[in-house]
Amino acid sequence: MEFKVTKSSLKNIKADMLVLFFGARGLKKESVQQFDALKLEKSALKDFAAADGESLLIYNGASRLGVQRVLLVGLGDMGGAEPFRKAGHAIAREARKVKAKKIAIDASGIAEWSLRCGVSPERLAEALALSLVQGTYRFDRFMSGKLDKKKKDKPVELVQCIFRGNAGSVKDIENGVLSGGLIGDSQSLSRDLVNLPGNQLNARDIARYARESGERYGYEVTVMEKDEIERLKMGGLLAVNKGSTEPPTFSILDYNPAGGAKKTVALVGKGVTFDSGGISIKPSNGMDEMKSDMAGAAAVLATVEAAARLELPFRVVGFIPSTDNMPDGSAQKPGDVITTYSGITVEVGNTDAEGRLILADALTYAVQEYKPDVIIDMATLTGACIVALGYSVAGMFSNDDKLASSLFTAGEQCGEKVWRLPLWDEYDEQITSEVADVHNTGGKGAGTITAAKFLEKFVDGHTCWAHVDIAGPSFAASKSPQRSQGGTGFGVSLLVNYLRSLVY
């Protein structure tokens, strides 16, 4: 999708649809004046309350405009960027209905809204552009059209933001729609990877996508194959891979800005391309969704790509351990004891608690070999997190209050919310093993916390670490007005927003 910002009269635009924003406060007076100026039919206002995310499509008839469709979009009466996120999805939804390829948006009121809510025009424009990309996203690469030629939606090709009169800084809006579109593109890559079925995406495929992204956007990618993983004695990753016919990979994505960086941030993403549960096999109902168990890896890949494209001033290194988890005759068994890359031994009580095993190796490697200032891991780790927080919010754990606060604020600002859960020492008792250093499950109760306590043991005392459990918000089992079914790309905006908040 291409974004273009121009300063011109609405009468000169040529588009399939024109979008006009309205706030609920003072709707009648403002709307009547604007409708009179554009010679639009005021009777449409009877069906429009301008609530945030509300939209009404009207056909303008004999107006002064050169477009046939005008979309009224409400911003409600609340502040912040959330109304613009909802507006973007509403615009995308209506554009699909009428098959609009070119959309013109009257963004004249963004500067005024910015003053009212305390969010910069650039960030408001970014929220709008990002939500437009999200709203127009479709995963249709496997739809041949042979049964239904109307099945494939034609995507929006151009979004034109138009300013009239003294509308504020065009440059700010240009920067905002550029970054929003860019983050949206990287997030779409993440969604594509999550939506790919297990027979189309294995560990080597993830490595291939990482290499292609690195070549395209100028960052280094190193891929370790099985022989190198064996040489390093990454016992967690190798144990999970034992039941697979596909070899594992360990990919390192290294964005290092020109001129050097004062801080290094390590991002670790769980890359289980399909999780059957292994010998501790999952119930068949819903197992098809386990293609999404690599959503953490997808978010990390997309974030490193976005960091490179945004030219952020920090070194951002992504670590992606990847395999599938299958119940072959050679698969690891409940009761096995494995030795991880760190040397810590683990009793495997349940082979479906596999994500933490591959993350253990990656976390240790990242800390020991790269000595990052900050390390964040992201994973679809536990169903217990869904029980605790539902499908919209991610669980967050950290041993550093400042990092936890920064991630929480970043999530609030971009709409990808996280909620901090405790890492108290008493939870260690649940993952005590009688035959090894640690057990990979904590029994009943506090499942998402005991998983985080397990991971904590592999950051080697690193004092600035966070774990984000995205099991709930990473995949939508059904579509909604805000998102299509499948991978959501959750975590990309969160991490990018966090990276931009760092002080350097």
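This is a predicted model: local features need pLDDT of at least 70, side-chain atom pairs count only at pLDDT 80 or more; totals for chains, interfaces and linings use all residues.

Q: What does α4 span, from first C-alpha to last?
A: Helix α4 covers residues 121-136 and reaches 23 Å from its first C-alpha to its last. That is close to the 22 Å expected at 1.5 Å a residue.

Q: OK, switching to charges. How many salt bridges does the structure hold?
A: There are 25 salt bridges in it.

Q: Give me one. What does Glu 82 pair with?
A: Glu 82 forms a salt bridge with Arg 85, and their closest N and O atoms are 2.9 Å apart.

Q: And where do Glu 82 and Arg 85 sit?
A: Both are in helix α2, residues 82-98. They are 3 residues apart, about one turn of the helix.

Q: Is Arg 85 buried or exposed?
A: Arg 85 is buried, because its relative accessible area is 14% and the cut-off for buried is under 20%.

Q: Now Glu 225. Which residue is its salt-bridge partner?
A: That's Arg 204, with the closest N and O atoms 3.6 Å apart. This pair links distant parts of the chain: Glu 225 is in the loop between β7 (220-224) and α7 (226-231), while Arg 204 belongs to helix α6 (residues 203-217), 21 residues apart.

Q: How accessible are Glu 225 and Arg 204?
A: Glu 225 is partly exposed, with a relative accessible area of 28%. Arg 204 is partly exposed too, at 46%.

Q: What about Asp 428, which residue does it bridge to?
A: Asp 428 forms a salt bridge with Lys 453, the closest N and O atoms being 3.7 Å apart. Here again the pair links distant parts of the chain, 25 residues apart: Asp 428 lies in the loop between β16 (418-420) and β17 (438-439), and Lys 453 in helix α13 (residues 447-456).

Q: Is Lys 453 buried or exposed?
A: Buried, with a relative accessibility of 1%. Asp 428 counts as partly exposed, at 21%.

Q: Which residues are linked with Asp 428 in a network of salt bridges?
A: Asp 425, Lys 453, Glu 456 and Lys 457 are linked with Asp 428 in that network.

Definitions and conventions:
Residues are numbered from 1 along each chain as its sequence is written. Side-chain values use heavy atoms; hydrogens and water are left out. A salt bridge is a side-chain nitrogen of Lys or Arg within 4 Å of a carboxyl oxygen of Asp or Glu. Helices (H or I, at least four residues) and strands (E, at least two) are DSSP runs, numbered from the N terminus. Buried means under 20% relative accessible area, exposed over 50%, partly exposed in between (1.4 Å probe, protein chains only). The expected span of a helix is 1.5 Å times one less than its number of residues.
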